[in-house]
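Subject: Structure handover

Hello,

Here is the structure for you to look over. My notes on what was found follow below it.

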Amino acid sequence: MTTMTRRTLLAGAGSLGLAGVLGLRPALAQAFPEKDFTYVIPYTPGGMSDNISRIMGERLAAATGKKVINDYKAGAGGAIGANYYMGLKPDGYSLLQSTNSFYGVIPAVTKVEYDPKTDLTPLVLIGDAPMVIAVSPSVGVKTLQELFAYAKKNPGKLAYATSGRGTVGHLSGVWIANRGGVDLLHIPYNGAGEALQACLSGEAQLFIGPEAAEHILAGKLIGLGTMGDKRWSGLPDVPSTVEAGVPGWAPRSWHTITVHSKVPDPVKQQLATAVNKILASDDVKDRLVKFGLIPGIVDLAGMRKRADDDLVEFGVLIKDAGLALKK
Amino acid sequence: MFDQSLLAGLALGFQVAVDPTNILFCFLGCLIGTLIGVLPGLGPTATIAILLPMTSALSPVAGLITLAGIYYGAQYGGSTTSILLRLPGEASSVVTVLDGHAMTRRGRGGAALAIAAWGSFFAGTVGTLFIALFAPLLAVLVLKFGAAEYFVLMALGLVASVVLAQGSVLRALAMIAIGLLFGLVGTDANSGQYRFTFGSYELLNGLPFVPLVVGLFGIADILIALEQARDAEASQAGKIGSLWPTREETKRAAPAVARGTLIGLFLGLLPGGGALMSSFVAYSVEKRVSDKEGTFGKGDPAGVAAPESANNAGAQTSFLPLLTLGLPSNAVMALMTGAMLIHGIVPGPRIMTNQPNLFWGLIASMWIGNLMLLVINLPLVGIWVQMLKIRYSVLYPIILVVSLVGIYSVDYSTFDVFLTAAFGLLGYGMNKWKCEPAPLVLAFVLGPMMEQYFRRAMLVARGDLAIFVERPISLTLLLITAALLAGIAAPHVRSFRRKAFAE
């Protein structure tokens with residue numbers, strides 16, 4: 001109990017930037033890490049990235065005996081935080097809480113100061129966020145194929161609400177429209193909460209994202225599919241999009257911790273091992289499941305492949321949607 | 001059946017809320033909230049973000065009660081600096097500055113603080129009851145508000161802001177125009193175009209709110225005071241007189257409290273600008289209803305009572321979308337969903353049925369929290385007012401440092417500090433040109449929201465303007481706006497015609 005409180009206190013002080021005032025550091029004779037970590041969170045407190053970074057920072061501090069100082073740099077959909085991160089020393093002591101958007105989406109739609117292929121490396125898979133396609137019951141469709149049929153019969157009738165332009169949700173809508181050969185109208189909102197509310201009130205008919213799950217379980221929305229080739233245990237009755245008749249890659253959302261690619265490989269490996277050990281513990285897994293994520297362990301090579309695949313696949317959708325940044 | 005479940009729910013809630021641990025944390029939350037509300041710059045969002053990890057050591061109910069206490073405690077505290085120092089720390093206390101600070105100048109600062117505290121308590125009590133009684137019903141109402149309704153409501157707010165102007169209407173319109181332009185800065189949500197960003201990353205998200213208000217109100221006021229060598233005045237404001245409102249002041253304030261509460265209850269439900277809209281609208285309505293002798297802006301107790309009651313009532317009802325639908329209506333509520341997730345509670349429409357002790361416990365603790373805030377704040381009035389006895393030559397540097405540290409700590413951005421300085425200079429200039437900052441601030445906040453809602457309404461209606469008149473709530477609001485506009489314009493048209501005929 002006492003250690004727990006001290007850890008929480010440290011995490012709290014860390015986000016204040018006052019960690020230096022508190023705490024004793026156990027002097028561990030280790031090559032790495034030998035100093036404190038800076039953990040850049042490129043979003044405002046309260047979101048999924050913040051929730052993840054709080055638990056990961058706390059555990060990393062406990063595992064290494066070093067302080068982990070959370071540094072919030074929100075804005076421009078994450079680009080401000082990523083650019084700020086590029087300015088930090090590539091020594092393995094600066095971490096970036098990130099999603100696949102930093103590899104597949106943001107560099108294509110916003111001006112950034114990094115190359116997703118050569119400058120940043122995703123260390124671990126913290127979890128996949130199930131992208132659930134939800135529809136308002138007022139439309140009267142129960143499956144993805146029925147939705148396509150409805151959209152063909154009633155062109156211009158269906159709109160989908162997203163948390164903003166150029167987000168994974170937006171691109172998911174573009175993907176659904178492409179694959180179904182139908183026309184869907186995009187309505188951007190400020191954040192997932194507003195978008196979900198619009199779908200509940202009937203202002204928009206579709207919403208794509210993990211936030212829909214609770215409302216599907218409560219019977220307020222109908223789940224048409226979970227993007228990808230696997231069902232999600234949180235919504236066992238909702239088929240995957242592959243099962244629903246749309247084969248192949250689907251837009252996805254996953255969370256990771258990123259480091260500079262310039263960090264020496266042994267350090268990357270050491271960090272990845274340390275973080276994966278945290279991710280493998282039951283209580284962390286349990287917490288991530290409660291956040292609505294699907295945890296899993298993926299090695300460095302596997303993460304690189306995920307990032308590079310997303311860059312190509314999202315790139316196609318971004319071009320189709322006319323979202324690509326003019327360089 | 002309905003009454004039964006309500007009584008049972010409230011009984012359960014109070015049982016949870018009066019648990020000694022929960023009471024203690026409720027008190028702590030309220031105390032912290034009051035203090036950070038008093039500190040300009042540092043707001044409840046930053047504080048809750050900092051304290052969030054600590055709540056993981058508490059039970060879910062105690063954790064949420066603490067955070068909720070900080071949130072509405074800040075609404076109480078936020079009025080203190082507005083009234084005493086002309087320094088609104090929160091968006092919702094911007095209008096409180098107008099009459100609140102004027103009362104301080106007349107040596108009635110203590111009375112203004114007491115009115116704000118009592119008004120907030122009344123509003124909080126009604127707000128809590130209101131949530132308990134109508135939670136499921138109001139959840140439906142929230143969903144009735146679509147883009148069209150929001151747009152018209154914002155338009156109503158903008159027209160009402162002209163009423164805020166104490167001097168020339170033309171100058172107020174100019175300030176609204178500047179506020180709208182400031183509001184345009186940043187990335188356009190629909191097209192992704194950058195507007196007025198001049199290649200700066202810091203401006204991609206638009207101009208930040210706190211530097212704008214602290215600059216325009218607080219810093220500008222200090223500059224003017226420097227110029228006038230106001231130290232001579234210190235002793236006068238320091239003569240505080242009675243801390244309690246006189247009978248006359250109470251008589252002015254009481255009906256304003258009731259009207260403000262009613263407005264806050266409904267506007268607080270709306271996401272985004274709810275709390276802000278409620279204080280602005282309450283002030284505007286009050287000015288229309290009870291400003292018979294032109295006392296508004298010169299220290300009218302009603303001008304303090306209405307917005308303060310409204311923002312506190314709004315603060316209570318803004319919990320409703322979160323508790324009934326799991327939808328956060330502002331940044332603080334988003335953090336509350338984070339706090340729930342830390343404890344493994346998934347925010348959503350099932351909270352009320354799956355977590356009845358959390359739902360009712362939080363509601364009951366809100367009322368207890370409001371009572372505590374009254375107990376904390378009334379004795380503090382005497383202490384805060386002592387601040388005015390400090391010589392300005394000492395007080396002003398302190399205010400300056402505390403504000404700038406607060407602003408820096410929001411995003412750790414030096415850019416924001418420079419912005420504050422720039423807005424301070426602008427505020428000084430505006431004072432020289434007799435232009436008022438309140439309409440500018442309202443337009444700054446409402447402008448971008450109006451644009452977004454308008455464009456969203458157009459998307460929803462596939463470009464058909466009829467959406468604004470086809471939907472009953474939207475049409476009603478539109479008619480009220482038109483009537484208000486006519487009311488404002490009429491005297492000017494009349495005097496113009498008289499002049500025209502005379503020539």
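The area buried between chain B and chain A is about 4,000 Å². Carbon and sulfur atoms give 58% of that. Buried area here is the accessible area (1.4 Å probe) that two parts lose on being put together, summed over both. On the chain B side, Y201(B), Y412(B) and R456(B) lose the most area to chain A, together 17% of what that side buries.

Before you go further: this is a predicted model, where local features need pLDDT of at least 70, side-chain atom pairs count only at pLDDT 80 or more, and totals for chains, interfaces and linings use all residues. Residues are numbered from 1 along each chain as its sequence is written, chains are lettered from A and ligands numbered from 1 in the order written, and side-chain values use heavy atoms, without hydrogens and water.

**Contacts**

In contact (heavy atoms within 4.5 Å) are 41 residues of chain B and 47 residues of chain A. The two chains share 2 salt bridges (a side-chain nitrogen of Lys or Arg within 4 Å of a carboxyl oxygen of Asp or Glu). R456(B) pairs with E194(A) in a salt bridge, with the closest N and O atoms 3.6 Å apart.

**The chain B side**

Helix α15(B) supplies the largest share of the side that touches chain A, 6 residues. Helices are DSSP runs (H or I, at least four residues), numbered from the N terminus. Others with at least two residues there include α3 (44-51) and α20 (437-460) of chain B.

Best wishes
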